[in-house]
Amino acid sequence: MNIENIKTFGDLKKAGYAHKTIKEELRRNLLQKMMKKEVVFEGIHGYEFTVIPELERAILSKHNINLLGLRGQAKTRLARQMVSLLDEYVPVVAGSEINDDPFAPISRYSQNELEEHGDKTPISWLHRDKRFAEKLATPDVTVADLIGDVDPIKAANLKLTYADDRVIHFGMIPRANRCIFVINELPDLQARIQVALFNILQEGDIQIRGFALRLPLDIQFVFTANPEDYTNRGSIVTPLKDRIGSQILTHYPHDLKIARTITQQETAEASEEKGNVYVPELAKDIIEQISFEARESEFIDAKSGVSARLSISAFQNLLSTAERRALHNGDEKTSVRLSDFLGIIPAITGKVELVYEGEQEGANVVANQLIADAVKSQFLEYFPKIEKLQKAGDIDPYAEVVAWFFEQSSFELLETLDDTEYQLQLDRIEPLDDLLKEYAPEISEKDKPFFKEFILWALVEMKKLSKYNLTDGMRFKDVYGGYISGLQ
């Protein structure tokens, strides 16, 4: 249908356009995509067998939807992608404030226009990108904001009394007629504001300052909420909850592979900008492992959640830390080092809510502990477990590394080292090469320096070595060697 040639209601009728509600529109287009085996929600990972099927069922059932989950679980992104299921263009009565369908006008303006002009009523076309409205629920939101109020200026200009419904100024919801309307953090709405939504969801009429208007609004509602909001900041009042057709629980990625896919998708631009920074695959795994450790940490409020944005921000900081070091050292290219992970601490501390015990420890201490825990967890993916105590006769694969440090006064990895010097410094510890040959023979030469430092950090966490932060780097030492030498 060539919409450029359809400018009046009569043209629309001749073209054979059929009226349908937004929920019918979403259902029909979803069915078509599913029959063609097309991806409906692009860029959403980890929900293929959980959230997306439930969301598709809700759309097929023509339900209003509540996406319930912790922060950073793509709730708003899912809602925004529903726009792709709308028709590209829909006709509206030209000049209508509330996107009136010419076949089913609900405002007095559009009804008068159609009555006066009939088939010559002007038609305009609304693109699907304009059919999405979003409101963040905050305690200061009013009924007037969402639904509308009497406009004294309009009454004065039109010389109308307040008894005339033409003096009404419509709020966000009526103006989103025939659109997807999202209310984020629904429990933050005061109970009396939630009550104002009852009739809109069920009966389709609205009340403004005593005007009992019968406006059968055609809206697809999508709400988002955090489960903890039910007890902390507020709750969804029961009658409103009853009017929401489907409540869908979202979740965090279940495994590291999915988490990495999400982070790489969201940091593609940063990675492209910093193409001179090489990131070992292990470094990417450690970034994701930090979020997994945070969700299990006793110092972090699990009910608040640990957003996927933590990994995204941390990865961006990791790239920037390596880039900054390279600039200071005059290097054109560089590779991420494990010591660069100290640069992601600001990205961690701003993304987690600490419980009382965590506050006592301090945000920086907790962040450092999360990095350490991530290193320990990933270490077991490549190397044997580091035993704190060895049984008689057991072979300790790390004994030669520890012995090397026992014989050395100290070993430093400074930020001022360029990549060549950094690698040469690590190559001094010959037992590390033997460990890599035996347990990680498949890694590339480019990744070896990172793996060597990785082993040192893991030995520190298991109390086999000690590590001291310097102004411009760090020093590794044998746990007991320095003490013994001091006694001699």
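Predicted model: local features only at pLDDT ≥ 70, side-chain atom pairs only at ≥ 80, totals over all residues.
Figure 1. Strand β10 covers residues 220-225, and because six of its six residues are buried, the strand is largely enclosed by the rest of the structure. Strand β1, residues 65-68, pairs with β10 in the parallel sense over four bridges. In this pairing Asn66 stands opposite Phe223 of β10. Strand β7, residues 180-184, also runs parallel to β10 and is joined to it by four bridges. Here the bridge partner of Val182 is Val222 in β10.

**Figure 2. Ala74, in the loop between β1 and α4.** The loop that holds Ala74 lies between β1 and α4. Ala74 has a relative accessibility of 29%, so it counts as partly exposed. Leaving aside neighbours within four places in sequence, Ala74 is in contact with Ile44 and Tyr47. Tyr47 is 27 residues from Ala74 in sequence, and their C-alpha atoms are 9.9 Å apart in space.

**Figure 3. The largest pocket and its lining.** The volume of the largest pocket is about 660 Å³. The pocket is lined by 30 residues, of which Gly72, Gln73, Ala74, Lys75 and Arg309 are the closest to its centre. At least two lining residues each come from α4 (75-81), α12 and α15 (309-329). Helix α4 gives the most to this lining, with four residues. By class, the lining of the largest pocket holds 10 nonpolar, 12 polar and eight charged residues.

Figure 4. Two cavities of 30 Å³ or more are found in a search of the whole structure. The largest cavity contains about 60 Å³ of space. Its lining is made of Pro253, Ala259, Ile262, Thr263, Glu288, Ser291, Phe292, Arg295, Ala308 and Ser311. Two elements give two or more residues to this lining, α12 (256-266) and α14 (281-296). The largest share, four residues, comes from α14. Five of the lining residues are nonpolar, three are polar and two are charged.

**Figure 5. The second largest cavity, to which α12 and α14 also contribute.** About 40 Å³ of space lies in the second largest cavity. The residues that line this cavity are Arg260, Thr263, Gln264, Lys284, Ile287, Glu288 and Phe315. The elements that supply two or more of these residues are α12 and α14. The lining of the second largest cavity has two nonpolar, two polar and three charged residues.

**Figure 6. Asp285, a buried residue of α14.** Asp285 lies in helix α14. Its relative accessible area is 13%, so Asp285 is buried. With neighbours within four places in sequence left aside, the contacts of Asp285 are Leu256, Arg260, Gln378 and Tyr382.

**Figure 7. Phe341 in the largest nonpolar core.** In soluble globular proteins, nonpolar side chains tend to be buried together. The largest nonpolar core of this model has 64 residues, and among them Phe341 and Leu456 touch the most other members. Helix α22, residues 448-461, supplies the largest share of this core, nine residues. Leaving aside neighbours within four places in sequence, Phe341 is in contact with Ala283, Ile286, Ile287, Ile290, Leu318, Val336, Ile371 and Phe450. Apart from this core lies another one, of 34 residues, including Ile106, Phe181, Ile219 and Ile236.

**Figure 8. The hairpin of β15 and β16.** Strands β15 and β16 form a hairpin with two residues between them. Strand β15 takes in residues 465-470 and strand β16 residues 473-478; the two run antiparallel and are joined by six bridges. Asn469 stands opposite Met474 in β16.

Conventions. Residues numbered from 1 in each chain as written. Heavy atoms only, no water. 1 Å grid on protein atoms, 1.4 Å probe; cavity = no way out; pocket = protein on both sides within 12 Å on 5 of 7 lines; lining within 4 Å. Points joined across faces, edges and corners; volume = space filled by probe spheres on them. Nonpolar A, V, L, I, M, F, W, Y, C, P; charged D, E, K, R; others polar. Core = buried A, V, L, I, M, F, W, Y, C linked by side-chain atoms within 4.5 Å. Buried < 20%, exposed > 50% of the residue type's maximum accessible area, 1.4 Å probe, protein only. Contact = heavy atoms within 4.5 Å. Pairing = 2+ DSSP bridges.
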